[in-house]
Amino acid sequence: MKRKYNQIITELTDKELLYHLYLTQIILLGISLILGAILYDHFSYIQNIDLLDHHILTIGIPAGVIIVFADVLLMKLLPASFYDDGGLNERIFKNRHVFHTFVIALFVAFSEELLFRGIIQTKVGLVLASIIFAIIHYRYLFNWYLFFNIILLSFLIGFIYQWTGNLAVTIMMHFVIDFLLGVYIKFRLTSDDMNREEQLCE
């Protein structure tokens, strides 16, 4: 199964990968609209987004930065195989402009938090919402470390949502994580490519 998945990823062009990424997020938004209409009166879950809440700055941003810092540190300490996702994240972010990475991170954070925290967690609880969130990130199922990582992250984001009661906080946290890791992947790979070119020229 993993080999087939990696083969599919390899055969897709960068443009096709982006298309599937955006399509997936649009589908999640569509599911949110349908479930929101069925489970909530007048889309009341939208009221859980408070853009003026100071927790966005005092919890959402710092929590996201701390997670990225810890993740980057672990990337340097642990074997590369622990972070092997089939090369999908590298394919998505390596040649992406920083502003495009910003757009992707914002879109993903909004669509996923709206569905998994705003709708699913509110109705079925933190545990089930976190498990569903992890399973949706299909590529991590082939790597025990990444799967454990995404479940732990989902529990943490879910806990912060329960604590603050504000989706804007977890959207910001999710955005910060995706954006900073995307930028890190881009410049890490660019730096690696430059180092290899310098070694070839020596």
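## Helix 6 against helix 7

Helix 6 and helix 7 pack with their axes 9 Å apart, at an angle of about 140 degrees. That makes helix 6 oblique to helix 7. Angles under 35 degrees count as roughly parallel, over 145 as roughly antiparallel, 65 to 115 as roughly perpendicular, and the rest as oblique. Axes are lines fitted to C-alpha atoms, for helices over the stretch in contact, and the angles run from 0 to 180 degrees between N-to-C directions. The crossing of helix 6 and helix 7 is right-handed. A crossing is right-handed if the near helix is turned clockwise from the far one by less than a right angle, and left-handed if anticlockwise.

Helix 6 contributes Leu-126, Val-127, Ala-129, Ser-130, Phe-133, Ala-134 and Ile-135 to the contact. Helix 7 contributes Phe-147, Ile-150, Ile-151, Ser-154, Phe-155, Gly-158, Phe-159 and Gln-162. Contact means heavy atoms within 4.5 Å. By class, the residues of this contact are eleven nonpolar, four polar and no charged. Ala, Val, Leu, Ile, Met, Phe, Trp, Tyr, Cys and Pro count as nonpolar; Asp, Glu, Lys and Arg count as charged; the others, Gly among them, count as polar.

## Model and overall fold

This is a predicted model: local features need pLDDT of at least 70, side-chain atom pairs count only at pLDDT 80 or more, and totals for chains, interfaces and linings use all residues. Residues are numbered from 1 along each chain as its sequence is written, and side-chain values use heavy atoms, with hydrogens and water left out.

The protein chain has eight helices and zero strands. From the N terminus on, its elements run α-α-α-α-α-α-α-α. Helices (H or I, at least four residues) and strands (E, at least two) are DSSP runs, numbered from the N terminus. Of the 202 residues of the protein chain, 41% count as buried. Buried means under 20% relative accessible area, exposed over 50%, and partly exposed in between, with a 1.4 Å probe and protein chains only. Take the contacts in the protein chain between residues at least 6 apart in sequence: 81% of them join residues at least 24 apart.

## The buried face of helix 6

Helix 6 spans residues 126-136. Its buried residues are Leu-126, Ala-129, Ser-130, Phe-133 and Ala-134. Seen down the axis of helix 6, these buried residues fall within an arc of 135 degrees, so they line one face of the helix. The arc is that of the directions from the helix axis to the C-beta atoms. An α-helix has 3.6 residues a turn, so residues three or four places apart point the same way.

## Helix 3 against helix 7

Helix 3 (residues 55-77) packs on helix 7 (residues 144-164) at an angle of about 165 degrees, with the axes 12 Å apart. The two helices are therefore roughly antiparallel to each other. Helix 3 passes helix 7 in a right-handed crossing.

From helix 3, the residues in contact are His-55, Ile-59, Ala-63, Ile-67, Asp-71 and Leu-74. They meet Tyr-145, Asn-149, Leu-153, Leu-156, Ile-160, Trp-163 and Thr-164 in helix 7. By class, this contact of helix 3 with helix 7 has nine nonpolar, three polar and one charged residues.

## Helix 5 against helix 7

Helix 5 covers residues 98-124. Helix 5 and helix 7 pack at an angle of about 65 degrees, with their axes 11 Å apart. That makes helix 5 roughly perpendicular to helix 7. Their crossing is right-handed.

Glu-113, Arg-117, Gly-118, Gln-121 and Thr-122 in helix 5 touch Ser-154, Ile-157, Gly-158, Tyr-161 and Gln-162 in helix 7. The contact of helix 5 with helix 7 has two nonpolar, six polar and two charged residues.

## Links across the sequence

Val-68 lies in helix 3. Val-68 is buried, with a relative accessible area of 8%. Leaving out residues up to four places away in sequence, Val-68 touches Val-176, Ile-177, Leu-180 and Leu-181. Val-68 and Ile-177 are 109 residues apart along the chain, yet their C-alpha atoms are separated by 5.8 Å. Pro-62 is also placed in helix 3. At 32% relative accessibility, Pro-62 counts as partly exposed.

Val-98 is found in helix 5. Val-98 counts as partly exposed, at 29% relative accessibility. Residues up to four places away in sequence aside, Val-98 touches Phe-179, Val-183, Lys-186 and Phe-187. Val-98 and Phe-187 are 89 residues apart in sequence and 9.9 Å apart in space, C-alpha to C-alpha.
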